[in-house]
Amino acid sequence: MTKEIDIIKIAREQFPKTIQLDGMDDAIIGLSIRKPNTTNFVYSVNKIIKVLMEDKCTYDEAVEWYEYNIKPLENLDEKSSPMFYDDRPHFSLN
């Protein structure tokens, strides 16, 4: 029997200054703990776009919203800002 780890609960209890994006819990794929007092949620860009599309955005609108409103949060504070892993499918033009 395995237990599922609640990464959000651990972060809120142990690292309360870690910035969490509202409404994007489903896009969290990990927690980066690099040094004492340096903790970041890691978000899947693909999952963020899917969450935005569930709110009635088209794919292009969701990408634009992410690029202009969410991605800049990565540079707010190195010690607590969210990190983004760009796992969107990239298609070759070949």
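Mentor: Start with contacts in the chain. Among those between residues at least 6 apart in sequence, 45% join residues at least 24 apart. A contact here means heavy atoms within 4.5 Å.

Trainee: What kind of model is this, and how are residues numbered?

Mentor: This is a predicted model: local features need pLDDT of at least 70, side-chain atom pairs count only at pLDDT 80 or more, and totals for chains, interfaces and linings use all residues. Residues are numbered from 1 along each chain as its sequence is written, and side-chain values use heavy atoms, with hydrogens and water left out.

Trainee: What makes up the fold, read along the sequence?

Mentor: The pattern is α-β-β-α-α-β. That gives 3 helices and 3 strands. Helices (H or I, at least four residues) and strands (E, at least two) are DSSP runs, numbered from the N terminus.

Trainee: Why is Arg88 said to form a salt bridge with Glu67?

Mentor: A salt bridge is a side-chain nitrogen of Lys or Arg within 4 Å of a carboxyl oxygen of Asp or Glu. The closest N and O atoms of Arg88 and Glu67 are 3.6 Å apart, so the pair qualifies. The pair links distant parts of the chain: Arg88 is in the segment after β3, Glu67 in helix α3 (residues 59–70), 21 residues apart.

Trainee: What is the general idea behind such pairs?

Mentor: Side chains of opposite charge can pair when their charged atoms come close.

Trainee: Is Arg88 buried or exposed, and how do you know?

Mentor: Buried means under 20% relative accessible area, exposed over 50%, and partly exposed in between (1.4 Å probe, protein chains only). Arg88 has 14% relative accessibility, so Arg88 counts as buried. Glu67 has 32%, so Glu67 counts as partly exposed.

Trainee: What makes Arg88 and Asp86 a salt bridge?

Mentor: The closest N and O atoms of Arg88 and Asp86 are 2.7 Å apart. That value falls within the cut-off, so the pair is a salt bridge. Salt bridges that share partners join Glu67, Asp86 and Arg88 into one network. Asp86 is at 37% relative accessibility, so Asp86 is partly exposed.

Trainee: How many salt bridges does the structure hold?

Mentor: The structure holds 3. One of them joins the side chains of Lys71 and Glu74, at 3.4 Å from N to O. Lys71 counts as partly exposed at 33% relative accessibility, and Glu74 counts as partly exposed at 26%.

Trainee: Why are Lys17, Arg34, Lys35 and Lys79 called a positive surface patch?

Mentor: Lys and Arg count as positive and Asp and Glu as negative; His and the chain ends are not counted. Patches are made of residues with over 30% relative accessible area and no salt bridge: like charges are joined within 9 Å, nonpolar side chains (Val, Leu, Ile, Met, Phe, Trp, Tyr) within 5 Å. The place of a charge is taken as NZ of Lys, CZ of Arg, CG of Asp or CD of Glu. Lys17, Arg34, Lys35 and Lys79 form one such positive patch. Take Lys17, in the loop between α1 (7–14) and β1 (28–35).

Trainee: Which residues form a negative surface patch?

Mentor: Asp22, Asp25, Asp26, Glu54 and Asp55 form it. Asp25 lies in the loop between α1 and β1. Asp25 is partly exposed, with a relative accessible area of 34%.

Trainee: How do you know that Asp87 is partly exposed?

Mentor: The relative accessible area of Asp87 is 28%, so Asp87 falls in the partly exposed range. Asp87 is found in the segment after β3 (83–85). Leaving out residues up to four places away in sequence, Asp87 touches Ser44, Val45 and Asn46.

Trainee: How much of the chain is buried?

Mentor: Buried residues make up 33% of the 94 residues in the chain.

Notes:
Accessible areas come from the Shrake-Rupley method with a 1.4 Å probe; for residues, only the protein chains shown count as cover.
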